[in-house]
Amino acid sequence: LIAVEPRENQPATYRLHPGVAAAGRPDPARQQVLDRVMAGLHQAIVAWAREQEAAGNGRLIIDHGLAAAPYLARAREWGMLGAILDPVISRDSSPGTLAAALPVLRQAAGEAGSLKAKCVLAKALRMAGRRKEAEALLRALIEDCAAAGEFLLASSIAIELFYLLLATGRAQEALDLAERKKGFTARAGFGPWTRLGDDAQRLQALNELGRWQDVLTEVARLRARMDALPESGTGEEAVAPWAIREGILDTGGQAAMRLERWQDSLDLIDAIAASQQGRGAPALV
């Protein structure tokens, strides 16, 4: 009646037989109350874990974000559902996590029709390898957001299209998009970590274009800027500082390898591992 599924270095998962779950299901009125209470509980844990992520709480964001999704879907809280699943898939893009997130994201995007829900859906589609579907949705969303003055979302959506362009061998187009994204970021009023994210994307495009020495020079400059920035209190941000830091270091490591500067590459890999360990990242990242 109850299946126990152990997980390495994580609490076990308990799965109820459908008959047991049906027998214990409350009436609709009580279900609504339960959905609100349980969604609020998981959301509170996710919010706390995001504030304390550097202390090793990254796994809580993933587990409790996924746990909140069915409650939010039943409550038809589509905006909240998209907002809580966005950081989940940003931290864990494994097939299992994407398979759990995609159905409810499709439901949210379809029923709500909100730009935010569609943005998170497009991101999940890209991560799942559904590139044609993701690209068509992303291109339409960027123009819709720009026309509506939703520069915060336009900036976020441009990130997803940027990575799709890189993955399909269109580095120069990606570099041009990174320049356009800077305008969205500035008009949205984002803080320094988000602006660093624009620099990080530009470096990735330069790497793909073979400008490796330019990348290493810029990474050294950006590391000094990042070391001087606090993890929080820098204004409104659309990114997690760890994601920007690790992305810049990884891009520098790739450039160092292509230039056969092995010690530089190893030093950058060590810095990434230290960041991942510090935030409690999943083993498979």
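Guide: A salt bridge is called when a side-chain nitrogen of Lys or Arg lies within 4 Å of a carboxyl oxygen of Asp or Glu. The model is predicted, so local features need pLDDT of at least 70 and side-chain atom pairs count only at pLDDT 80 or more, while totals for chains, interfaces and linings use all residues. Residues are numbered from 1 along each chain as its sequence is written, and side-chain values use heavy atoms, with hydrogens and water left out.

Visitor: What makes Asp-35 and Arg-74 a salt bridge?

Guide: Their side chains meet at 3.1 Å, N to O, which is within the 4 Å of the definition. Asp-35 belongs to helix 2 and Arg-74 to helix 3, so the pair ties together parts that are 39 residues apart in sequence. Helices here are DSSP runs (H or I, at least four residues) and strands are runs of E of at least two, numbered from the N terminus.

Visitor: Why is Asp-35 called buried, and what is Arg-74 called?

Guide: Buried means under 20% relative accessible area, exposed over 50%, and partly exposed in between, with a 1.4 Å probe and protein chains only. Asp-35 has 4% and is therefore buried, whereas Arg-74, with 45%, is partly exposed.

Visitor: How do you know that Glu-160 and Arg-126 form a salt bridge, and is Arg-126 buried or exposed?

Guide: The closest N and O atoms of Glu-160 and Arg-126 are 2.8 Å apart. This pair links distant parts of the chain, with Glu-160 in helix 8 (residues 151–167) and Arg-126 in helix 6 (residues 115–127), 34 residues apart. Arg-126 has a relative accessible area of 19% and so counts as buried, as does Glu-160 with 5%.

Visitor: What makes the length of helix 4 agree with expectation?

Guide: The expected span is 1.5 Å times one less than the number of residues. For helix 4 (residues 78–91) this should give 20 Å, and the end C-alpha atoms are 21 Å apart, so the two agree.

Visitor: Why is Gln-201 called buried, and which residues does Gln-201 touch?

Guide: Gln-201, found in helix 10 (residues 192–208), has 3% relative accessibility and therefore counts as buried. Taking contact as heavy atoms within 4.5 Å, Gln-201 touches Ile-159, Phe-162, Tyr-163, Ala-178 and Lys-181, not counting residues up to four places away in sequence.
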